[in-house]
Structures are given as structure tokens and as C-alpha cells.
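Hi,

Here is the structure I promised to pass on. Have a look at it first, and my notes on the salt bridges follow below.

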Amino acid sequence: MNNENDMRRKHGTDRANDEPLQPTRRQFLKGLTTGTVAIGALTQSGCGPAIPPLKTRGATATTTVCPFCGVGCGQVVSTRAGKVINIEGDPAHPISEGTLCSKGAAAIQVVNNPRRLQKVLYRAPGGMAWEEKSWDWALERIAARVKETRDKTFQTSVDGRVVNRTEAIACLGGSALDNEEAYLLVKLMKTLGLVYVEHQARL
Amino acid sequence: MSTPTVKPKAMIQDNTRCIGCRACMVACKSWNDRPEDHTDFFAGNGYQNPRDLDANNYTLITFNEIVTGAQPDWVFGRQLCMHCEKPACASACPTTAMFKTDLGPVVFDESRCIGCRACMQACPFIIPKYDYESFAPKIHKCTFCADRLEVGLEPACATVCPTGAITFGDRDDMVTEAKRRIAAAPGTYIPEIYGLEEVGGTSVLHLSSVPFEQIGYITGLPKTPMPDLTHRWLRMTAPVFAVLYAVFGALNWIVRRRMRRERSEGEHSAG
Amino acid sequence: MTNHWIDMLNADVVLIMGGNPAEDHPIAMNWLARAKEQGTYILHVDPRFNRTSSIADVFAKLRSGTDIAFVGGMINYAIEHNRIQEEYVREYTNASWIVGDDYNFADGLFAGYDPKSRRYDRSRWAFALDAQGQPRRDPSLKHPRCVFQLLKQHFSRYDADAVCGITGTPKENYLRVCDLYTSTFAPDRAGTWLYAMGTAQHSHGTQNIRSYAILQLLLGNIGVAGGGVNAMRGESNVQGSTDQGLNNDGLPGYLKMPVEADVDLKGYLKRVTPVAANKESANWLQNTPKYVVSLLKAWWGEHATNENDFDFAYLPKLGRGFQGQGYAFLALTHAMLAGEVKGLFCFGQNPAVGGANARLIRAGLDKLEWLVVADLFEHETASFWKRPGIDPARIPTEVFVLPASSGVEKEGSIVNSGRWAQWRFRAVKPIANCRPDLDIVDGLAHAMKRAYEKDGVFPEPIRGLTWDYGHEADPHRVARELNGRFLVDVTEKDGKAYGAGKQVPGFAQLRDDGSTMSGNWIYCGGYTEEGNLAARREMTDTPNNIGLHPKWGWVWPMNRRILYNRASVNRKGEPFNPRKWVIRWDAENKKWEGDVPDGAMPPGEMNPFIMLASGVGQLYSPDLVDGPFPEHYEPVESPVKNPFSTTQSSPCAQIWQSTEFDRYGKPDVFPIVATTYRVSEHWQTGAMSRNMPWLVGLVPNAFVEIGAALAKREGIKNGDRVIVSSARGSIEVYALVTERFQPFFIEGRMIDEIGIPWHWGYAGIVPGDIANDLTASVGDPNSQIPETKVFLCNIKRKDRA
């Protein structure tokens, strides 16, 4: 049986005397530059298998912002060999300070998820199932459909006034698009003459 | 080699700040790579899901509706391993798979765990859970993210909590802080720190605005550490056996001597 | 938001109404919890006691749809108790302006109402002008026709009894909210107002928000630290996508889309460029022509010149829309059902679940000739053609589903509710065959150019479109275009010279002569010669130490963190609250300190609300289509008669009635008030969160929350299957019985209210019925936002239905 002393396994050798990464809630990472930072590349005292090595040890860390609500919490994505191995809060972020909600904390399941759409899918008119297609095929086919519809329904003028629009094509989305993506979408769709352009701001 | 003084860590779970968002449950699953739960509907009160801690959930938020007159209230509590100062689970464990470390966590070496579940029987907080789904079942419980503590990080739950309901630091500081909060806002807190003295003290100090039994906590626990209750008796095993050995050994020696004498007397008389 | 998230810490009182941040913006609770530690009061007004209420100091329950009654009552309370920040109101609002004789209000209607068109002639609400054409004023605020007196008169009907009688709020709690919140009228106290869709998604949602703005102006809470009117936005970049003009009536930077009557650029600019009401109004939007021309140069480059109106004609012109109701979402869904929309793109949107009257929307999808979906998971819109109950053979739609990259697989900027633009870096390459939406749109644009190379109707805008972002679309190139650059060498009036090709330092340098281009003028200043300011990660703060963090990311406009901050100082530039000053004038060095001042001119005559033509905060606003003051109306579906007037519901609300799906219920059949909301663990239509196992594990199945009393009457126990029905459809979900939803005592009887989280659909790990099948196509007249937060329903246990 164990006596009291054996109940506490001593740590083996000295712990590495490194500056803590996330020491207290309100201290911040120093010297983070834009780009990647190697976090977790610390040596660790041998404590046996009961305490495994930090799973993000030696991983590459990239900063991003949570994809869910409009608070804009910072996240640190740890990757190894091109795969995401951990996503948690960014302690250096002034608003979130390393915290996240249940959705943000689950963010790794957005990227590492077998249910993710992985191929271009196509459903023919009246079809019963998806077919897989290539990007090139899909973009050309979509462009052809857009042109067909636009050419058939385009109104250059109405009652003598120039209108240059089509009311037969609509574009919805998206409030999770980056600014650059949203801007290009507006630029393209309004150039094509669409007036039905909307997104989740009303929803 | 000299070891630098290691200050044990502790956590404050301040339920007056908890909003029941369950980021802690997800962050824990994420860090510990636990799989998801499968239920049809909420298994506990309100949104509580699953109903209890299990092999896949090392921490759990309890949802408690408390109505006073016409005024409803929703109070949240949290269940997780208390990382006792003198853990009963470690004491009961026959293979020393469970043990308390200097930094505070009661961790377990999975490779030593034989799934005997003695820890489950011993724990006064009913924390360790058994992996009933597995062919080689082991025990599961919160490890205080001992791997994170090793490198100066905080546990995943403490890191993720949006409201500061979970605070982490040196145990002395956490005890002081818990007491300070109660003193500073007596109308907000009941004057009790759950985990300060229970079973000899633990590393998780809970604060609440309502009595703990109303939010799913096990109350009425003794202040004596669980191992001490048995230790009092078990530690006498060696001396008792030593005495018994001595007594029976002595009796044995006396009896044998008499038997030898009787035999030699018999031989003489046969002459 | 006029302010931002961290600024909550500076508030003395926080009022949360029409929002539930503990569930939907949990990290906001970081700042609210810390504020509470420092003595800030948290007030929560909501139909249901939820996770936010659990940490509030006061919870005041409110029947859905009665926000204006509640806040109108607070306005009345503030005026009655003289809790007005006098100098602020006199100097910085239109309280002293005299309204013309044509304006009146009676029995719920303002002057100029035409019941046939359901519209007002807003010219009836004009201000009285003096001989110089400037609005007449009475600084003493005593003139019977001045805005302040009219405001007082209008809300004098909103006494505590009248208010609580219609909202169902216990009077004690209501008065406590009034007392605590109006205490922020003092110059050294600030109150912040947080709201979300619970405020906006009503047939008078815009007026709901107006009522907040009016109260905040009376209390002097706009432009100050810890103040503001703060919308908690629901998606990671809904702020940004709105900024970029992804709306039917907008262009990037909140420029207006041209309409048919805008026959040329000159005519358009005349219509959309506001004229200052008086000489004290900076009227910043007088610079609109510079922003429009710079945008046109960004889109059609060298081809766009003064001679051809900078290709203004290339822009589509808005007509009257579908059935004369415009082109917003509700109109679109009806146009789809009518078969007028042949093709639809869905870039990260799931209308089959997320839109009001969702059965109508899905029936409209069935009519499409083609559909393009770009998203992360196969959601209900992508798979509409094989949804339960549908025979795919009868659906002719050609469907393309394009696999999009998630946020960690691409690089770009997004903007949070506080207007903070933050750059996201790429952690991993796009998985499998996915592509960032940037690449998808880029690929589509090139494909369109190829398609129109040889022939096509009106191909000029497409062929002439400036589109060069690299072989693989580079978000930095796009971000640089958003900021804009000089197209020729330019020398400013102050002698500063900028070479052709250099990034424009700020929108003050944009020009209307074609010498500058900028994709979005409010983003001008964010990606300058200094670099990508949205990518900054410095934690420093300004000397006033109020959590501005001016070098973390970049904030539009011009990195100004608190809007209208000139209202936080008096005419001499001295802060009303020296303890928490936002800006202050350094008279010695003749410059402003603190936040970027909202208008760089020295303190003095110029009024602080520089984006309004009036220059001042509008207590009375002739700009909204449904009235210069908010007025309580019942929701379109209501169990109660409006006690304030015989005008039962909004006289201008857009109420669709043209299709079989546009049915409305009466209280005898549907006696229960219903609302919709969210839970913390799921997000929007569940297109992402219901494909994430941990989140599904926490909240697996669709449910309705009903009060214990109602449950008992209907014999419903927690966990029973129930049918919830409205005039538009019915759904089957689990019942969650709770004490937190209590009935409202209104007009002598108990009115029950229930709530349905709307995250479920037929796709995902755990499917569930669609809550929006129950909501109606009713739109706010200003924003056309649907009234999904209140409608009538009935509930029965499944075996009794």
C-alpha cells in the first residue's frame, strides 16, 4: 500500500526555465509578429507517461479570428505537417484575451471534418444524385448559364430610361465572407447587372 | 539535483460569473481529444447534457432553475475532478496509476490503469468515470491539463472561460482571492468556499450565490481526508502483523521447543 | 456599433434589450463581467429569462413586440424627472429646431398618410425655415413646436401604467430599469445600449432602434466612452459584407444604388449628395461625388472618364422591384416563387432555413432553372431538391455545389461589430478540392469575361471590368484596391505630393476628377503606404486609457474607434467627463488628443454629427418612412388590441399577401405569442454547427421552450414531442418546460409566449424541423427586415394534435 509520501510523485529534474506562454489571464505574448510563431517549442522535464508532452509542442502557430459571431475573438491555430492539430483562444487578443465560447472552442471541427464538402458536386436537372465535376468544368458551365439567363432577360431600358439590369438572377450571401471576397462579389454581380443582391444582414 | 520549489496550483470556479456557455466543456474535449456525445434531447435539467460526467466529458455544467416567488433565476454549477490535497482515488489505486503531483493535479498513468474501478468507489465526489464502450476500458477524469501546467499554461477550461468564472493560479493566492470576493460582495455570495476544507482540502474552490446542494453539488462531506479515515486503521496493518508475527512466532517457538523437549524426553525414556 | 466591445467596461449602466449576449456573443460577457465587478449595473429586458439574465442586476420581462412602449416610457421618465444632459441636448441635437405647421400626430398616424399606398408624404414633416432657408430654432426649448416639446408631448402618453399594461413588465422592475438607466444623464456617467436581432426583426424594427437613439441622445450617451447605440452583429463579417454593399440598394461604402430616375451621373449625384441644413453642419457626405467617382474608376479603370460619366451607365438601376416592393430579401423570395428569378447564387447563405416563411422560400427554390451554392457543408439549400417529401424527378433545377475553404484555409480581413478590421492569416492550405471564395469569385469573373468575349447582350461592363488580382487571386491586391490609389501624380492644396500608383492615405484625399480610385471609401486609410493596418497586433492604448487600442487592427473610418466623439466635448473641446475622456483639445499645440476626432476641425461652431446633413443628433427624424417619432404598434400578428391608438399595427409595414404561403393567423386559433432565438452552442441555420459533433452533442435536437403554466394546461411534460403551428405551417419538436418563460398579464388576461431556436433543418448530423416555416413575410418599411421575432402560434402535444 502507499503511504502519504508516495502519493505525491516528485517531479524529476529541473523544469525548463522558460518564460511562460500564457502565464496569467491578463498577460500577453510579447513580440508576436504578423505571421507564424513557434509556440510550444520548449524542452520539458521528464515526468514519465502520466503527463504526456504538450500536444502542440513544436507546432506552427498562426493567428486568425473566429469564424462565428461578430465579436471577432482571436484564435491561435496550431498546425503540424500541414494539418490543424489544435485551435484555441489567442491570449494576446485585446477583446478575447484567450477566451472563446463553445462554438469558437470547437472550431477545429470546422476544418478537420469528414462531412466537409470536398469536391465540386453537380446535380443535373431532374437528377437523383450528385455527380463529381472539376472546377474548370463547373465554372465554365456556370458562366454559360449566367450568360444564357442574362442575355434572355437583360433590360437595357424601360420606358425610355436606361436601366441596364437583369431581374432574373439573384445573389445571396455572405456574411462570413472576407471583406476582399464580399467586395469582389459585389463588383462582379453588380457589373453583371444584378439588382437582387442580398445577404444575412437582414436575417 | 535540487528541485526548485514548486507552488501547487488551484482553481476558483465562481458560479456567480458562470453564464452556462459550456466553452469549458468543449475546450476540455478539444484538448483531451474526447469524442462527442449522442443523445436525443437534453439528458439533464434545462440544457444540461449529458446528465453526468462520463468517459467523454471530464467537466460538466449543471443547469439549475431556482424560482423565488415570481422571480425565476438560472444558476449554473460545474462538476470536475477536485484534485484533492489527499486524494482518495490515489490512495485506493492498487497500481499507483493515480497520483498527486507537486503542481496540484491528480493525474493518472493510463498504462498502469487496470480498470479495477477502486478509485470510482473511493472518490467522495464521484468523479472518475469508466469507459464502458471500450474493449480495454480505462478510467477517465480531468487531469487539470497537467501537460499544459508543465509549460506554464493554464488548463484549457481556465483559458477559455469568457467571464472569468474560472480563475487559476497558486493555491494560496486562489484561497485569498476566494475569501476576498466573498468579503467584498456578501450579498452576492453565500459564505462558503466549496472545496476549501472538504476531505482535507482540494484544488478547486467553488463559489456560489445559492446553497451548493441546489446546484448539483455533493454536500455534507467530512473535513478529514478520505485516505486518513482508512489510513488510521490501515497503517496499523504492518505493526499489527508485526505483533502477530511476533506473538505467533513466539508461540510457535514455545510450542516447538516443548515438542522438541517431549520428543527428546520420549527418546530418553525409551532407553 | 458606434462604440466597440471593450468600451463596455467604461459604462456605468448597461442595458441589453433585444439581445442575449451570454448566448450569442459570449465573449462580450468578458467585459460585462468585469464592468460588473467595478460596480456597473447590468439591466436585461427580454421576454424570457435566459443565460444573460442570469448575471443581470435587473431582469425586466417584456412581451415580444412592445419595445417602443418600454423605451418610449423610459423617454417619458427621463423627461418627467428632468434627467436630460442639458448642454448636450441643446447644443448637439435638434431639440431646439422648430417643426413646420404641416406636421401633426393623431390616433397613431402622422401627417401625410395615404392608406392606399401605405406611405407617408414626408414633406409634411419638414422643419420650419427662416428667411435664409435655415431651420428656425428656440435654444430655450420652450417653443410649443420645437422638437423637444413635441417629443415630450408625444411620449407623455407612455406613463408607467400604460407601458407595463401593454408590455406585461412588473412595474417595480420597469421603474428600476428607468431609474438606473436614466441616471446616466449626468455628464460623468455613461450608459451603453446593446441590442441585436430581437430589436431589429420587427415590422417597426428601425423605429425600435430609433427609440434607443433618442433616449441615448437625451442622456448625452452618444460619442462618449461607455455609451453608444451598439448592435451586436451575428456573423464574423456581416459588418464587413454590409460595408462592401452586398445589399440590393447599396454600393460599397453605403453609397446608394442608382435608380431609374438617375439618368446621368450628375443627376444621380445631385440626388444622393446631401446638402447641409445650416452652416454649422460639416455634412461630410457632401464629398459623396469623390467616393462615387473613385469607385467607378476602381471598377472600369482607364475606360471610365469624365466624358462618359465614368461609365456610370454601366451600373444597373433599381426599378420598383417585384410587385412594386423593391428587391430586398422578402421581395426576392416572392419573385422566386413567381418564377421570375431563373438563377440564384448562394455564397455562404442557407435561405431554405434562415429566411422568414421558409416553406415559401423552398417552394421558390423548386422553380429555379439553376442554383450555385458555395459553402463548407452540404446544407438544406444545396440539397433542397432531395429534401424529405420531394420527388427529385419533378425538380428541374440544375445545381452546382462548390466546396469552399474555411477561415483557417485562406487569408483576408473581417470586421467585427465594433468596426475593427482584423486580418486572418492562413494556417493550412485549402483541404481536399476546396477553394477560398476569393478564388471562386475570381474564377467566375474570368469565366464570365471569356463567355462575353465574342458576343452577348450589353457585354461592355463585363469586358471593360478592371479585374486583375493575380494568377491565384491575391487578397492583398484586393485589399489595396479597397483602400485605393492615385492614378496620376497629384499635389494637394497643402502642398503634399503623391505619386501615381501610391496608396491614398485617407478618404480626404479622394477626388472626383478621376485621379483617384478606391473600391470602398470608408476603407480608405486601411491599407496605405504604411502597409496592411488591419494586420497590426499592438496592444498600446491612447493616453486616455479607455481601451481604444489604436494599433490593434484598423477601424473604419480612419481608425476612429468611437463615432461622433466630438459630442463628448463642449464647444471649447473640454470633455464632459474628464475621467473617461475620448478626445480633448490641446489648445497650446492646437491639436486633438485621444481617439481620432470625428472631424479634425478645431472645437467651436461645427456640430459633431458630421455624417448627418443636419449636423446634430436627430430626436425628430423626417428621414424614416414610417414616422419622425417612434410610436407603439402591435406586431402584425398580435393577441392584443393596441391601447395607444386605433392604428393596430405599423401602417407602413410591408405585409405580403400574394401567395398561398402568405397567410396570417388570428388569436382565436393561434392564441400564443411566439418568438425565435438562438442558443449559444449553435450558429444560425446550423449549416456549420450542426455538422460539428461536439456542438451537436451539447444541443442535439430541435426544441421549443414553453412556460410551466402553459405546459401544465396542455399536459406537456419536459421532453414530450409537440406540434407548434402558425398560419403558415407546423413543426414537430421537443418541448423544454421551464419556469423562465412566464406569461404576461395584458389587458386583464394572461398571454403566453413561447420561443423556438431556429438552428435546425433536414441536413446535418441531427436534422430537425425548421422554425422559420412558422414565420411570416412581413417587412419593416425602412429596412424590409422580416418580423421573425414575433408571430402567433398554437402548441399541442403530438398525440393530441
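Glu177(B) and Arg180(B) sit in helix α6 (residues 171-184) of chain B, three residues apart, which is about one turn of the helix; helices here are DSSP runs of H or I with at least four residues, strands are E runs of at least two, and both are numbered from the N terminus. The two side chains form a salt bridge, with their closest N and O atoms 2.9 Å apart. By that I mean a side-chain nitrogen of Lys or Arg within 4 Å of a carboxyl oxygen of Asp or Glu. Arg180(B) is partly exposed at 42% relative accessibility (buried is under 20% relative accessible area, exposed over 50%, partly exposed in between, with a 1.4 Å probe and protein chains only).

This is a predicted model, so local features need pLDDT of at least 70 and side-chain atom pairs pLDDT 80 or more, while totals for chains, interfaces and linings use all residues. Residues count from 1 along each chain as its sequence is written, chains are lettered from A and ligands numbered from 1 in the order written, and side-chain values use heavy atoms, without hydrogens and water.

Over all chains there are 66 salt bridges. One of them pairs Lys410(C) with Glu181(A), at 2.9 Å between the closest N and O atoms. Lys410(C) is in the loop between β14 (398-403) and β15 (412-415) of chain C and Glu181(A) in helix α4 (residues 179-191) of chain A, so this pair joins two chains. Lys410(C) is buried at 5%, and Glu181(A) is buried at 2%.

There's also a network of salt bridges linking Arg141(A), Arg145(A), Glu148(A), Lys152(A), Glu369(C) and Glu398(C).

Cheers
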